[in-house]
Amino acid sequence: MLVLEDEIGIRSFVSINLKREGYEVVESSNGEEAIEKIKNNNIDIALLDVMLPGISGIEVCKFIRKNYEDIGIIMLTAKGQENDKIIGLNSGADDYIVKPFSPKELLARIASLLRRIKRHSQSELIVCSPFTLDLNQRKLFKGNKEIEVTPTEFSILKYLMINESKSLSRDEILDEIWGKNYIGDLKIVDVNIRRIRSKIEENPSNPKYLQTVWGHGYCFRKED
């Protein structure tokens, strides 16, 4: 697990608590160092501070999403920096946590994200034409073409495709993907939906497959 944080006090606090839970931790104080450690270590989750000297946590997030789709990403944002949360999620982050945070909350977020990453171990396919989800390989295909998605996007697609043609509320999606005890902004659902649409829809502003149910939530529809 990577911890990218320039403030040594926070970085040490996070690392100590992670190590107590049995996680292997790689520490970085800046974005340049973090990218090199990602290249040279087997990272499953990256905790990225947003505000850094030099390469920002957002840029590191973009680098991970471009090169390592299977790595889970949690952004560490300062209280009240709403824009940082949205930019982080739009850049490919799976979740965010606002500083200051408790070790209990951080560990719960990490456990939830790890479940999403490792949930798909059975050999099974979910087909909603023209899409196929390979649960064993954790891959999404549109026809014969693979579409790269993050662990969180994969979990959302799985939930929506299993419930194909059923309207699912934002609260239902939030509870299923992030857990019933999630403490955060409901907008995280909408941001992920927009990201998925940008990948699967020919016209994301007029979606054919992942449709909005106004006043309620979302619905996945297969091709007629």
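Start by selecting Ser28, which touches Leu2, Val3, Leu4, Glu5, Arg11, Glu33, Ala34 and Lys37, leaving out residues up to four places away in sequence; contact here means heavy atoms within 4.5 Å. Ser28 belongs to strand 2 (residues 26-28). Helices (H or I, at least four residues) and strands (E, at least two) are DSSP runs, numbered from the N terminus. Ser28 counts as buried because its relative accessibility is 1%; buried means under 20% relative accessible area, exposed over 50%, and partly exposed in between (1.4 Å probe, protein chains only).

This is a predicted model, in which local features need pLDDT of at least 70 and side-chain atom pairs count only at pLDDT 80 or more, while totals for chains, interfaces and linings use all residues. Residues are numbered from 1 along each chain as its sequence is written, and side-chain values use heavy atoms, with hydrogens and water left out.

Next, select helix 3 (residues 57-67). Its buried residues are Gly57, Ile58, Val60, Cys61, Phe63, Ile64 and Arg65. The buried residues of helix 3 pack against several elements, including strand 1 (2-4), helix 2 (31-40), strand 4 (72-78) and helix 6.

Move on to helix 6 (residues 151-162) and show it with helix 8 (residues 187-200): the two pack at an angle of about 85°, with their axes 10 Å apart. Axes are lines fitted to C-alpha atoms, for helices over the stretch in contact, and angles run from 0 to 180 degrees between N-to-C directions. Helix 6 is therefore roughly perpendicular to helix 8, a label for angles of 65 to 115 degrees. To see the contact, select Thr152, Glu153, Ile156, Leu157 and Leu160 in helix 6, which meet Asn192, Ile193, Arg195, Ile196 and Lys199 in helix 8.

Now go to Leu107 in helix 5 (residues 103-118). Leu107 is buried, with a relative accessible area of 18%. Leaving aside neighbours within four places in sequence, Leu107 is in contact with Asn17, Leu18, Glu21 and Tyr23.

Helix 5 gives the largest share of its lining, 7 residues. The largest pocket is lined by 13 residues, and Ala108, Arg109, Trp178, Asn181 and Tyr182 lie nearest its centre. On a 1 Å grid over the protein atoms alone, a pocket is an open set of points where a 1.4 Å probe fits, with protein on both sides within 12 Å along at least five of seven lines; lining residues have an atom within 4 Å of a point.

How values were computed:
Parallel < 35°, antiparallel > 145°, perpendicular 65-115°, else oblique.
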